[in-house]
Each structure stands twice: as C-alpha cells, then as structure tokens.
Amino acid sequence: MRLLIVLYLFTFNVFAIDKIHLTGSSTVAPLMTEIAKAYELKNDNIRIDVQTGGSTKGVVDTRKGRNEIGMASRAAKSSENDLIFHTLALDGIAIIVHKDNPTQNITKSELITIYTGKQKQWPHNSKDISIIHKAEGRSTQELFLAYLGLKNSQIKADIVIGDNEQAIKTLMNLPNGVGYVSIGTAEYHESIGTPIKRIQLEKITASTKNVKNASYPLSRKLSLVTKKDIPDHVKHFLDYSLSNEHEELIKGLYFVPLK
Amino acid sequence: MRISSSILYLGLIPGLWLITCTLILGLPQLRLETFLISPSDAGRAGGLLSIIISTLLILTITLVISVPLASATALAMTYFRRYFLKLSRLLSLSLDVLSAIPSVIFGLFGNVLFVEKLNLGHSILSGGLTLAFMILPTMVRTLESSYHEIEKGYAKTTEALGINFSTFIYQIVFPLGLPALIFATILGMTRAMAETAALLFTSGYSDRMPESVLDSGRSMSVHIYELAMNVPGGDKNAYLTAALLVFILLTINSAITYFGYHLNKRLGIL
C-alpha cells in the first residue's frame, strides 16, 4: 500500500496540462461537472476542477483570482460590476396543487398567509390545507423563501420533503395539499398524466416559456462569473459551457435552458 | 438482572434498525458496474469506482500519518509523565479540548493551511492531512490512557527487577498496548471515513478518477451529501453509497477486531 502511495505521488503529469478551477454555487456545480466532463473528453490537455462552497464564495474567489470561473445561482448585484456574469441557465419554481383542486391562481400575499399558517383552509371546500415544504439546504427552498421574504422558522409546514419527485408523490395523494417544485419537473409530470397541476402565480402561468422571457416572478438566473479579461483556454471553455449544446443536461437537472 | 439485560438488548435496536434500513434501501441498486466505472450524469448513473478509490486514498494518507504520530506521542507522554507531571497534564487537557472541536473547524483550518498557504489545492493529500489532524487528539488520548494504565500496573515490578525505564516503555508498555492501538485506529478510521464537513473544504468535490494525490477527489460521504442535497433524483445512488460505506466500515472493523482478538490471545491478555 505504501508503495502505491509513493507511485501516486510521483505520477505528476509531466506534460503541460492547463487546469481550470471552478468554485461556487452547489446548485450549479452538478451541471458544470457534467459539462466539464464532456469538454475534457474533447480536449485532452485540459483538467477542470469543480468545487462547491456557495454563490458568494464563487464570486469572491473570482475577484481574488482563486478560480478562473465562479458559479452563482443568481444574477449580478450592483456591487459586482468589476466582474462579468454570464447566464448559463434559468431556474423557476411552480406552485402545484392536486388536479381536483379548482384553484387557478394564487398571489404572493396568499402564499405568505398559507405558508405561515394564517389561512388554514381552502376557500372552495373549507378543508384543511396540507402544506408541503422542502428541507433546508435545497436551492428551491431558498429561492421560495427569498421570494416570499420569509425565514424558514416562520413556515408552518405539515410535511417536509427532500426532492422534487418526493413533493409530487406526496401531493398526488393529498387532494388538499399545496407544494412547490422546479417548473421542469411539474411540466414533465403533467405531461405524463400525474394528478397534479401548476397554478398561476400573480396571474402568470408557471411555464418554461415564461421563465425564459422573464415574466414569471419566482425564478432566478444561474450564472458563470469571470473577470473582464481571461486567458484563451478559459475563454474557450466558457464559450463551450454557454453554447446551446447542453440542453439535455440542463433539462436533466430540471433547469430551464436559455434558448 | 433480567431487566438490565433486556435494556441492553433494547439498546441494540436503533443501531440494527439503522444499518438494516440503509442496507435494504441501498443494496438493490448494487450492480457489477458500481465497482467498475466512475459516476456519470451528476452521480445518478454510472458506478462509484473513482469515489471508492478517492476514499481509500484519503483514508490511507490519514492512517499512514496519524498512526505512527499518535503512538509516538502517546509513548512520549507516558514517558514524560514521570518527570514533568504538570506539563503532561496540561498536554492531556489541551488534547481533550482539541478532540472536542467540531470537524468543520478542522476543515476550515485544513483549507487555510494545506489548500491555500501550502498551495496543495483541493486535493486528496490536503484531505488526508486534515483528517489526520482531526483524529490525532482522540487517538493520542485513547492510547495514552491505556499506556498509563499499563505503566501504573507494571511500574513497581520493573523497578524491583531493575529494568531501565525506557526499556520498560518500549519492551513492555508498547507491546501490551497493541490492542489499544488497534482500538484507537478503528476509532480514528471510522471517524475519518464518516467525515463530510472537513473534506468538503479540503479534498473537494470532483468525481473524476484521481490521477495523483494532488488531484481533487470526492469521498463517499461527500458523494452521499451531494446526491442527497444537490442532485434531483440522486436519492437512490445516495442510498447505495451509504449502504456501501456502512458495509466497508463493518467489514474493516470486524476484520481488525478479529485480528486483535487473536493478537490478545497470543499476548496472553485474554
């Protein structure tokens, strides 16, 4: 075993290999890992190292030169003009209810009263609402809370679940439930006939189309962050990442492609 | 007597329940490819080869560094206790404080020292070194308390026989302390393998097959965290990884315990 380590220590790559470091949002990281793998297959002399740590770390690292490309699950803030944010994909959340629920539209303030437990019943049948909420650490949960301007401790949830699939499976059996999932997931399940439906938020339909044209309110940008001038090999990888070749990968992680 | 023994059996239930659940949920996903190919599609498809290799590499570095260091420190502390009692008590106290520090702090420490200051980057080497630092205090304290007991038990006899103190330490205390060394190693190894927080900052996230110990490599625990928290639809493979992790830990532990039992028999302790 010791011999193995010594061998490992000395297998440094003798040939010039360019390394590209990416750090930042854990939401974007799985997507970039897959894009990086595809890129490495095509380019032998490049190694791409993806590390997580949150959007803020991604931005700070880029500014301080600790990475070549940062990842952020948001658009640029006004204090971040020194860097360039390239939009990689979009992410949107749909509010979903059971198919038998006649509700068509919900407003932000109604959502707040429901999720903080102030409104306990649906108006159409006076039955108790089952509130489905996501566990802490989920990016959809963070976006949802940020949109409503609430803290997680203010939410009076009946069921706390993990991922999108679980939210849908739970809601299928709850005629009086309400929940939220990535728009891509909801669209897919409606298309295969799962008894759930998306309801409009502020009269705007939760669809991939409305996320793309930025009219749907509950959405965000997933960005790659770079300095203003970058070396050629980084530029080449950045262009590859931002090209429209990755639609399948983006949809596979339930994000919304730009085009 | 009967009540107390049934309480003991009750205590077994949560542990067995946890292990059975993990194995039942995880093992159905087990395929031959799990050991032959690396993850793809953000960990939802493919195997676990690169993850298992990274984990074993991190663990090897951790143990190669921490086991000799811990046993040397513990022996030295036993030796010094006779001459510098106050100092050695202070040392034990500081070790106790160190072993109570949350692992995430060691992760940040490793990130600053190894990843940034020593410029090792997010690498398996940084991860292994950080984990070695993390498990050292616990290992030293376990070893030291056992060595101290042995020293107390045999001190008068050796003095009566006129045996030199350093000979006593190396010829009697160390060999008799071997079971404690095994126990400390298991303890350290289990903590190291289960560690997530410290490794997120040091050995990193990359699920590629490591080409050298200076490459970033994702450990099994980090893989579980990533699949369960960040990848939609990653739950199944998260369970599989968890089941394998539990399985590997159980195997290593029982192998070492078995080996230790026979060693004890040969040393005439049992």
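**Notebook: cavities and interface of chains A and B**

I began with the second largest cavity, to whose lining α2(A) gives the most, with four residues. The model is a predicted one, in which local features need pLDDT of at least 70 and side-chain atom pairs count only at pLDDT 80 or more, while totals for chains, interfaces and linings use all residues; side-chain values use heavy atoms, with hydrogens and water left out. Residues are numbered from 1 along each chain as its sequence is written, and chains are lettered from A and ligands numbered from 1 in the order in which they are written.

**Entry 1, the second largest cavity.** I noted a volume of about 70 Å³ for this cavity. I take a cavity as a set of points, on a 1 Å grid over the protein atoms alone, where a 1.4 Å probe fits but cannot get out, and lining residues as those with an atom within 4 Å of a point; grid points are joined across faces, edges and corners, and the volume is the space filled by probe spheres set on the points. From chain A I listed A:Thr33, A:Ala36, A:Lys37, A:Glu40, A:Ile48 and A:Val50 in the lining, and from chain B I listed B:Ser206, B:Asp207 and B:Arg208. The elements that give two or more residues to this lining are α2 and β2 of chain A, where helices (H or I, at least four residues) and strands (E, at least two) are DSSP runs numbered from the N terminus. I sorted the lining into three nonpolar, two polar and four charged residues, counting Ala, Val, Leu, Ile, Met, Phe, Trp, Tyr, Cys and Pro as nonpolar, Asp, Glu, Lys and Arg as charged, and the others, Gly among them, as polar.

Of the 19 residues that line the largest cavity, I wrote down A:Ser139, A:Thr140, A:Asn164, B:Asn230 and B:Pro232 as the closest to its centre. The lining of the largest cavity divides into six nonpolar, nine polar and four charged residues.

I found 30 residues of chain A in contact with 32 residues of chain B, contact meaning heavy atoms within 4.5 Å. The two chains bury about 2700 Å² between them, 51% of it on carbon and sulfur atoms; this is the accessible area (1.4 Å probe) that two parts lose on being put together, summed over both. I counted four salt bridges between chain A and chain B, each a side-chain nitrogen of Lys or Arg within 4 Å of a carboxyl oxygen of Asp or Glu. One salt bridge joins the side chains of A:Arg47 and B:Glu211, at 3.1 Å from N to O. On the side of chain A that touches chain B, the elements that give two or more residues are α1 (2-10), α2 (29-42) and β2 (46-52) of chain A, and the residues of that side divide into 11 nonpolar, nine polar and 10 charged.

I recorded 10 helices and two strands in chain B. B:Leu125, which lies in helix α5 (residues 124-161) of chain B, is in contact with B:Ile61, B:Leu120, B:Val213 and B:Leu214 once its neighbours within four places in sequence are left aside. B:Asn119, in the loop between α4 (103-117) and α5 of chain B, has a positive phi near 60 degrees. In chain A, A:Ser126 sits in the loop between α4 (108-115) and β6 (130-134), and I noted its phi as positive, near 50 degrees.

Note on methods:
On a 1 Å grid over the protein atoms alone, a cavity is a set of points where a 1.4 Å probe fits but cannot get out, and a pocket is an open set with protein on both sides within 12 Å along at least five of seven lines; lining residues have an atom within 4 Å of a point.
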